[in-house]
Amino acid sequence: VARGQSELLQGTLELLVLKTLSLEPMHGWGISRRIQQMSGEVFQVNQGSLYPALQRMKTKGWVRSEWRVTDNNRRARYYRLTSAGERELARERSDWEQTAAAVNAVLNWAGGFA
Amino acid sequence: MRWLLAARERLLMRVFRRREDSEMDEELRFHLEMETERNIRRGLSPRAARRQARLAFGGVERHREVLREGRQVHDAVWSIDPAIAMGATATLEQIAADLRWSQRVMAVVMVIFAAIAVVITIISLYALVAHAVARRQREFGIRLALGAGPDQILRGAMAQGMIWVAVGTGLGLVLAVGVAQLLTRLLYGVQPLDPGVFALVSFGLLGLALLASYIPARRVARVDPLRSLKSE
């Protein structure tokens, strides 16, 4: 991994995939490109974790897959968010925000202890 | 009737799995192609683009394996209890291949060591015979002067070395039989005491030893007896 790029944090991949799929149904390659673009080319999505993650999310019923034809006439497997997936996204999102806020609170701590 | 149902079930399962596999293949191939085209748009040559895409992907076959095995095991476990946490899964075949890998490497290392041992032995034997023959040059000169033929000299010069080699080969055979017993546990599909292999190795080594002592011995047998006599 080159400087300025970074592997995804453990456990955040599913959250980012859910978010990406909430915008529109996408194929695996599109998901990895989107995440890379949206993160300002910081996150490299490792294919070795992306496809197993998609498989996992399918088993849990968060996404459904179907074969469709792309804009340039290719067959590709598209993943679509289910309503269970939307609920999961909301849940994981609030989890993440809570965690991020807590980490920031610790990092920005400037006061003392009474 | 029951077996018919079971057969139908198995057939369906096989067809279904085939389809899943080929779909997975197609999905991964699609990913590779898209990545390759993106690299071409970024200005790479088609070949470099394909290579880079493949590197970024890290071996299609591996991902396929991971996906397939993982899916089956995870599906099975989660159909019983979705709350169970599951780590990496591997088939027995994969584990066995990993285990065998170390043995294969050891075998290759052993072959290299053995080859080095043979080369060192042959070089040493050559040097030993050359030295012994050089020390007995005067004696050979006298023998030649007294009417011994070059063949007799040659045989005399080689005999000493070949006696060592014969004794060494005998000892080696005895040791090899002993060690082969210990190896039995590690061997698979190979006889520990294969007479063919033992014969081949012994005669091969004897042949090499003959050659290694023949070359210096021939040199002394060819020398003019007068020069031999004056050599010391």
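How exposed is A:Arg91, going by its relative accessible area? Hold that thought.

Good morning, everyone. First, a caution. What you see above is a predicted model. I'll take each in turn, then the place where they touch.

Start with chain A. It has 4 helices and 5 strands. Walk along the sequence and the order is β-α-β-α-β-α-β-β-α. Chain A has 114 residues, and 36% of them count as buried. Its accessible surface is about 6800 Å². Carbon and sulfur atoms hold 51% of that surface. Now look at contacts in chain A with a separation of 6 or more. Residues 24 or more positions apart make up 50% of those.

Let's go inside chain A. Helix α1 covers residues 13–23. Which of its residues are buried? They are A:Leu13, A:Glu14, A:Leu15, A:Val17, A:Leu18, A:Thr20 and A:Leu21.

Helix α2 of chain A deserves a stop. It spans residues 28–38, and A:Gln36 lies in it. Is A:Gln36 buried or exposed? Buried, because its relative accessibility is 10%, and the cut-off for buried is under 20%. Set aside the neighbours within four places in sequence. A:Gln36 is then in contact with A:Glu41, A:Val42, A:Phe43 and A:Gln44.

Next, salt bridges. Over all chains, the whole structure has 15. Let me show you some of them.

Back to A:Arg91. The answer to my opening question: A:Arg91 is partly exposed, at 46% relative accessible area. Its side chain meets that of A:Asp95 in a salt bridge, at 3.8 Å from N to O. A:Asp95 is partly exposed too, at 37%. Both residues lie in helix α4 of chain A, 4 residues apart, which is about one turn. Here is the general point. An α-helix has 3.6 residues a turn, so residues three or four places apart point the same way.

Helix α4 of chain A holds another pair. A:Arg93 forms a salt bridge with A:Glu97, and the closest N and O atoms are 3.3 Å apart. These two are separated by about one helical turn, because they are 4 residues apart in α4. A:Arg93 is partly exposed, at 42% relative accessibility. A:Glu97 is partly exposed as well, at 43%.

One more item in chain A. A:Glu66, A:Arg68 and A:Arg80 are linked in a network of salt bridges.

Now chain B. How many helices and strands does chain B have? The count is 8 helices and 0 strands. Along the sequence, that reads α-α-α-α-α-α-α-α. Chain B has 232 residues, and 22% count as buried. Its accessible surface is about 16700 Å², with 66% on carbon and sulfur atoms. Take the contacts in chain B between residues at least 6 apart. Of those, 67% join residues at least 24 apart.

Chain B also has a salt bridge within a helix. The side chains of B:Arg143 and B:Glu139 meet at 3.0 Å, N to O. They are about one helical turn apart, because 4 residues separate them in helix α5, residues 137–145. B:Arg143 is partly exposed, at 45% relative accessibility. B:Glu139 is partly exposed, at 29%.

Last stop: where the chains meet.

Methods:
Residues are numbered from 1 along each chain as its sequence is written. Chains are lettered from A and ligands numbered from 1 in the order in which they are written. This is a predicted model: local features need pLDDT of at least 70, side-chain atom pairs count only at pLDDT 80 or more; totals for chains, interfaces and linings use all residues. Side-chain values use heavy atoms; hydrogens and water are left out. Buried means under 20% relative accessible area, exposed over 50%, partly exposed in between (1.4 Å probe, protein chains only). Contact means heavy atoms within 4.5 Å. Accessible areas come from the Shrake-Rupley method with a 1.4 Å probe; for residues, only the protein chains shown count as cover. A salt bridge is a side-chain nitrogen of Lys or Arg within 4 Å of a carboxyl oxygen of Asp or Glu.
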